[in-house]
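Subject: Structure handover

Hello,

I am passing this structure on to you. Please open it alongside this message; my notes follow below.

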Amino acid sequence: MHDVWRLVAPRSYLDRQRRAGLLFVLPALVYFALVFLAPLVESVIGSFYRTVPGGESRFVGLRLYEKVLTDSTFWQAVGNTVSLLLMSVPATVVLALMVALGLHRLRSIRARSVWTAMYFLPFAVSLVAAALIWQWMYDPLYGFLNHLLGRGGVPPLHWLQSLEMVRPSLAIVNVWVRLGFDTIIFLAALQAIPAEYYEAASIDGASRWQALRRLTLPLLNPQIVMVTILELIFNFKVFDTVYATTQGGPAGASQTVIMLLYDTAFKYFRLGDASVMAVFVFVSLLLVTLAQWRLFRRQVEY
Amino acid sequence: MRSRIVCAVAVVAATLTLALAPPTAWTQPKKLVFWTHWEQNPEFNKFYETRGKDFAQKSGYEVQVVTVPYQGYEAKYLAALVGKSGAPDIFMGMTHHWCGQYDFCDRMPADLAKTWDDSLPKYMVSVGKWKGVRYGTPIEHGNFQQMYINTETFKKAGLDPDKPPKTLDDWLAAMKKLTVLDAKGEPTQVGFALRHKGHPVGIADKFLPFAHAYGARMLSPNLERATGFANSPEMVAALQFYADLVQKHKVASLVFPTPEDAFGQKRAATIFRESWYFGWVKKNAPEVSFKVYALPCAKACPGAGNLFPWTNMVYKNSASKPAAWDFIRFISNAKDDLDQHQAQGILPVWTANLDSPYVKARPDYQSTQEMLKQPVPPEYYHPKSNELATAFGEAVVAALYGKGQPKPLLDEAAAKMDRALKD
């Protein structure tokens with residue numbers, strides 16, 4: 001209480017500095033509280049209530065948790081999400097790293113800028129538009145991909161219509177959309193590594209592969225951890241691309257947790273059940289992020 | 001310095017006042033906002049604005065139509081209706097959802113309700129009502145599936161397009177003749193275009209005529225139980241028949257796009273759709289020559305039933321409720337009913353129009369009459385109909401994709417539906 005009062009009525013230079021610091025971060029804190037924290041708290045509270053919008057709410061304790069967490073459809077959606085995530089995240093991170101390394105080696109700044117912009121372009125496209133573009137590419141009858149396969153004598157594939165192919169096909173869309181963003185992060189990090197390190201490594205007789213393994217990758221560790229976390233979050237929350245292309249089909253094979261959450265809230269009007277799913281997503285992502293942060297984060301000093 | 005600050009504050013305050021002032025403070029015409037998600041029927045929707053101009057001369061209220069994309073419309077409606085701000089005065093939807101599950105609807109004035117009760121065909125009188133009270137005006141007659149056939153493909157297959165199959169057995173035999181496979185065994189043309197994509201609710205809706213033809217029903221007559229109905233032997237047989245169309249007989253394909261497109265592209269010889277599809281084909285695939293017939297029967301005839309009884313309702317928190325009802329009253333007459341539906345090529349709703357020259361000249365006149373004479377099939381106007389139809393539709397689509405046998409799939413669906421009903 002005493003400290004709070006000193007912020008309101010500072011007595012020393014240090015107090016004034018603290019107050020200035022607080023005022024600088026205050027807009028961000030208020031924004032975060034209003035836009036993120038308040039809905040989160042509301043979701044947590046909502047998960048204990050059976051809510052009928054426009055009607056009355058009833059406290060039901062943990063009943064909705066029991067109901068949702070024992071529902072096979074929910075776990076199927078979780079399984080689909082994890083499977084999609086396992087296909088998308090490693091592929092995106094590894095490909096982005098490879099592309100960034102390739103771009104970093106380009107001597108011409110103009111060529112590098114053009115290529116970087118081309119890789120980044122899909123990231124600037126709306127997810128729904130990207131999904132529709134790919135839906136056309138995947139069309140079994142008129143799609144570009146089957147046309148190409150046909151030219152090579154390969155029979156057409158049922159990209160989004162097959163139980164086995166639908167998730168890999170959606171993973172390709174996600175990789176395409178996210179690749180540019182991750183590439184930019186890696187490229188910026190690569191450009192920040194002093195060239196002297198590579199010169200020293202070269203003098204010590206390190207091969208290119210050794211330089212990559214012993215120098216580049218360890219120095220990129222913070223970016224790799226960050227990008228992996230961002231990709232995990234993006235892919236766990238994936239909705240737009242799936243909703244615009246398959247709506248969770250065929251036969252629920254691509255229904256993700258967020259899609260189920262959406263349907264539960266807005267098609268079945270069960271806001272309490274949907275809140276439980278939202279809490280599940282939040283807690284899962286928090287745990288995975290913390291674990292990843294703790295396990296893989298290493299201090300890096302250039 | 002101080003006076004400058006005072007001036008600046010005054011300017012900011014004046015700007016904020018102007019920006020935040022409610023639109024009514026301005027001299028704008030008064031407006032009724034109408035939300036619809038019938039994006040496939042733009043001419044029908046435009047009619048509200050056209051007649052709204054006439055209504056404005058009388059009342060001062062113009063009508064603004066907002067077409068919300070069908071995909072995800074529930075979320076947009078719900079957000080607006082719960083939030084009250086930005087909500088429509090009149091909106092389209094299903095009465096048992098918005099007035100049953102929620103309490104968003106204003107009760108229709110008694111005189112207007114009587115007008116509608118007296119003007120509707122008997123089978124439609126329950127549409128727009130919740131617990132016996134009328135909230136909505138039905139907007140779609142012929143909202144039941146009928147059989148559209150491509151006459152050219154029928155002729156090419158050696159079938160007479162004037163003698164459509166009347167039973168499901170005959171229909172299946174015809175579908176086999178109408179299916180064309182390429183050298184690799186892939187269909188280039190199918191007999192029947194079925195719904196296999198999209199939300200399970202729509203998939204359930206398209207399967208129900210087959211279920212009803214087999215004498216099955218999705219829920220008990222009092223809509224309180226699914227077990228024993230959604231997984232009855234009749235339903236299992238119906239789903240087996242439906243899945244066999246894809247898996248065994250290969251007269252339907254999971255590769256083809258939406259059924260509507262497949263029919264429009266002449267890749268499917270038949271499709272089951274509602275009366276609005278007549279207008280759609282005329283506009284989007286005018287080169288397709290087609291005829292419309294009653295659906296084939298088996299143990300029973302599918303009859304005039306639907307899963308989506310669309311109506312127009314007035315939002316109970318609207319500040320312009322009386323004007324909204326006045327507008328609905330303004331267009332509640334046989335002439336407007338005919339003009340509006342004719343503009344889009346849909347069947348009108350009012351009984352007075354069912355034998356109008358426009359309706360009689362339609363290709364679905366005879367089939368509509370025939371289907372209306374059949375016993376009315378089960379209705380599922382339950383507040384949780386979306387959730388129930390989703391569970392049921394998941395079983396249907398799983399059978400289509402060969403993910404399991406109809407019986408266990410339907411058992412699982414029925415159990416899930418019962419849980420939803422009890423919850």
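Which strands of chain B make up the open sheet, and in what order do they lie? Please keep in mind that this is a predicted model. The sheet has 5 strands in the order β2-β1-β3-β12-β6, and its pairing is mixed.

The edges of this sheet are β2 (61–67) and β6 of chain B. Each has a single partner strand, so one side of each is left without a neighbour in the sheet. One of the pairs here is B:Thr36 with B:Thr67 as its bridge partner in β2(B). B:Pro138 has B:Thr311 of β12(B) as its bridge partner.

β12(B) also pairs with strand β3 (residues 90–94) of chain B, in the antiparallel sense and over 5 bridges. In that pairing, B:Met92 is bridged to B:Asn312 of β12(B).

Is strand β12 (residues 310–314) of chain B enclosed or open, and why? Of its 5 residues, 5 are buried, so the strand is largely enclosed by the rest of the structure. B:Trp310, B:Asn312 and B:Val314 point one way from β12(B), while B:Thr311 and B:Met313 point the other way; all are buried.

Next, the nonpolar core. In soluble globular proteins, nonpolar side chains tend to be buried together. The largest nonpolar core here has 175 residues, and those with the most contacts inside it are B:Ala193, B:Ala230, B:Phe392 and B:Val396. Leaving aside residues up to four places away in sequence, B:Ala230 touches B:Phe392 and several others, among them B:Met218, B:Leu219, B:Leu410 and B:Met417.

The two chains also meet: 24 residues of chain B are in contact with 18 residues of chain A. On the chain B side, α3 (73–83) and α16 (385–400) each supply at least two of the residues that touch chain A. That side of chain B divides into 11 nonpolar, 5 polar and 8 charged residues.

Chain A itself is divided into domain 1 (2–46) and domain 2 (65–296). The centres of these domains of chain A, taken over C-alpha atoms, are 35 Å apart. Between them, 4 residues of domain 1 of chain A are in contact with 6 residues of domain 2 of chain A. The domain 1 side of that contact in chain A consists of 2 nonpolar and 2 polar residues, with no charged ones.

Regards

Definitions and conventions. Residues numbered from 1 in each chain as written. Chains lettered and ligands numbered in written order. Predicted model: local features only at pLDDT ≥ 70, side-chain atom pairs only at ≥ 80, totals over all residues. Domains from an automatic or database assignment. Contact = placed C-beta atoms within 7 Å. Nonpolar A, V, L, I, M, F, W, Y, C, P; charged D, E, K, R; others polar. Buried ≥ 20, exposed ≤ 12 C-beta atoms within 10 Å, placed from the backbone. Helix = DSSP H or I, 4+ residues; strand = E, 2+ residues; numbered from the N terminus. Pairing = 2+ DSSP bridges. Core = buried A, V, L, I, M, F, W, Y, C linked by C-beta atoms within 7 Å.
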